[in-house]
Amino acid sequence: MRYLLSTISLIICIAIFHSCSISITDWGKLKVTGGYISGITDSNVHIFKGIPFAAPPVDSLRWKAPQPVRPWDGVKSCTAFGPSPMQRAPQPFNVWSEEYLIPSQPISEDCLYLNVWTAAENKIEKRPVFVWIYGGGFQSGGSAVPIYDGKAMADQGLVFVSINYRVGLFGFFAHPELSKESASHVSGNYGLLDQVAALKWVRDNIAQFGGDPANVTIAGQSAGSMSVNCLVASPLAKGLFHHAIAESGAHFTGGYPGLGEAEELGVQKMAALGIPDIDSLRKAPASALLASGGIGPIVDGHFLPKQIYRIFENRGQNPVDLITGWNQEDALVFPPFKSAAEFKQQLQQLYGENAMKMLSYYPAGNDSIALRSQVAFSRDRHFGMQNFRWANVAAKQGTKVYLYRFARQLPYADETTNYGAFHTAEVPFVLGNLKFVNRPWTEQDFELSRKMSAYWVNFAKTGSPNAEGMLEWEPYDPGQPRVMWFDLDIAMRPLKDSAALQSMFTDF
């Protein structure tokens, strides 16, 4: 009996020791693809910035799909953001102050880095993973933008990841010579392929940070939201994520150029630069190419086999639950505004015999009325109609969709910053980062941020934004379109402009 008790005690001691040993993680030295890394700890959050997820896309790798990360010796210090993708130097413009822009330095083609925030105590926790994809019209942006900080979301139990991808000419340049040299016989879409490479890195490495590779949410705003739309549609991203959040951006109206069209545009760009071949173009200084710009996603037959709405029609997308929506002043229209007569002419050119119907939704009785209608029309045409259609198509196919409208008129110090619920305004609310934005916030704003962030976190954890004690966010029903209305007062409301949004589609 004494021997039996001793044996049991020994087994218990070994089990306790083993449990303690696996629960302790050396956050100063983690093994990831390529080698060991170290980061910093802020309170209880472990932060790793500037982790390489692919080889630098420079020299001979300019305009090639992302290549495997190059191994390094020793322990790589990952305590500062890697360079932002090559683009023009950031300058505040229109509604976007410096908090919404990348830092002035560093900016480089060597940009394929990502960042991780985690409050996990060990590697075995399997926390939900939240991958943020930035906006910028596929021409600018980067993960080092202040409002994309991941600490607040990590504090709520997520492993937060932000990624870089190539933009502009460096991320979206197609050319027959590039397609010929490619194993997949396509070109362009390098920025989207970067996103896939980053998601594969997450799949392979996120467990080291206490994250669960089987519970990954991709989220983004503007071009980041369009990227989410593309990833949901792409066969190359299959199995790399499980939920999607798309804020103010999608593409359900056709219009992405095909490979041939994109290649021809590339030929024209190269001719305009006076450069004879791809080898010479790869050797040209990056600064000489910035003015050319890129074109964004391409229906290349590889990353995107068809236009996105056709992929969804055939149920060829990756089936994931969805949060999507847009902002009340989500417009891309700036002075000088059209007169009432000019706005009527625009609708006539766009909608022909349906122009009068459109005027019933976007009236132009005088210049003042027409100005307000232009803002609403720009909001709905650029963003509302896209995310609205995605919500309708997905919901009709049985996907759980949660639709929102962000309507908080941001407080302002003077009229120069009175832009209402402008494009990007919701991002610091949902990511819990109001402290990074220089506005006269009220306690009501911080409360709205806490609630919105909680919905986003819950969705990443379970696929539903709802939790006990919170106002229920009803799944979207195309037959009775309602949205979660995010203002100082949160409420489920009828989507009053659904008829106007539907009228923008001739095949809806």
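Author: Leu 192, Gln 195, Val 196 and Leu 199 in helix H5 meet Ser 227, Cys 230 and Leu 231 in helix H6, contact being heavy atoms within 4.5 Å. Helices (H or I, at least four residues) and strands (E, at least two) are DSSP runs numbered from the N terminus. The model is a predicted one, in which local features need pLDDT of at least 70 and side-chain atom pairs count only at pLDDT 80 or more, while totals for chains, interfaces and linings use all residues. Residues are numbered from 1 along each chain as its sequence is written, and side-chain values use heavy atoms, with hydrogens and water left out.

The residues where H5 meets H6 comprise five nonpolar, two polar and no charged; Ala, Val, Leu, Ile, Met, Phe, Trp, Tyr, Cys and Pro count as nonpolar, Asp, Glu, Lys and Arg as charged, and the others, Gly among them, as polar. The axes of H5 (residues 190-205) and H6 come within 11 Å and cross at roughly 70 degrees. H5 is therefore roughly perpendicular to H6, a term for angles of 65 to 115 degrees. Axes are lines fitted to C-alpha atoms, for helices over the stretch in contact, with angles from 0 to 180 degrees between N-to-C directions.

Helix H6 (residues 223-233) lies across strands E7 (127-133), E9 (211-221) and E10 (243-247), and runs at about 130 degrees to E9. Helix H14 (residues 443-462) packs on the sheet as well, touching E7, E9, E10, E11 (321-327), E12 (401-406) and E13, and its direction makes about 145 degrees with that of E10.

This open sheet has eleven strands in the order E3-E4-E6-E8-E7-E9-E10-E11-E12-E13-E14, with mixed pairing; two strands pair if DSSP finds at least two bridges between them. Its edge strands, each pairing on one side only, are E3 (40-42) and E14 (491-494). On average, neighbouring strands of the sheet are turned by 25 degrees against each other, direction ignored.

Four bridges join E13 (residues 482-486) to E14, and the two run antiparallel. Arg 482 stands opposite Pro 494 in E14, and Val 483 stands opposite Arg 493.

The loop between H14 and E13 contains Ser 464. Apart from neighbours within four places in sequence, Ser 464 is in contact with Tyr 402, Asn 458 and Phe 459. Its C-alpha lies 9.0 Å from that of Pro 475, eleven residues away in sequence.

Another open sheet has three strands in the order E1-E2-E5, again with mixed pairing. Its edge strands are E1 (30-32) and E5 (75-77), each of which pairs on one side only, and the twist averages 45 degrees from one strand to the next. Strand E2 (residues 35-38) pairs with E5 in the parallel sense over three bridges, with Val 75 in E5 as the bridge partner of Tyr 36.

Definitions and conventions: Angles under 35 degrees count as roughly parallel, over 145 as roughly antiparallel, 65 to 115 as roughly perpendicular and the rest as oblique.
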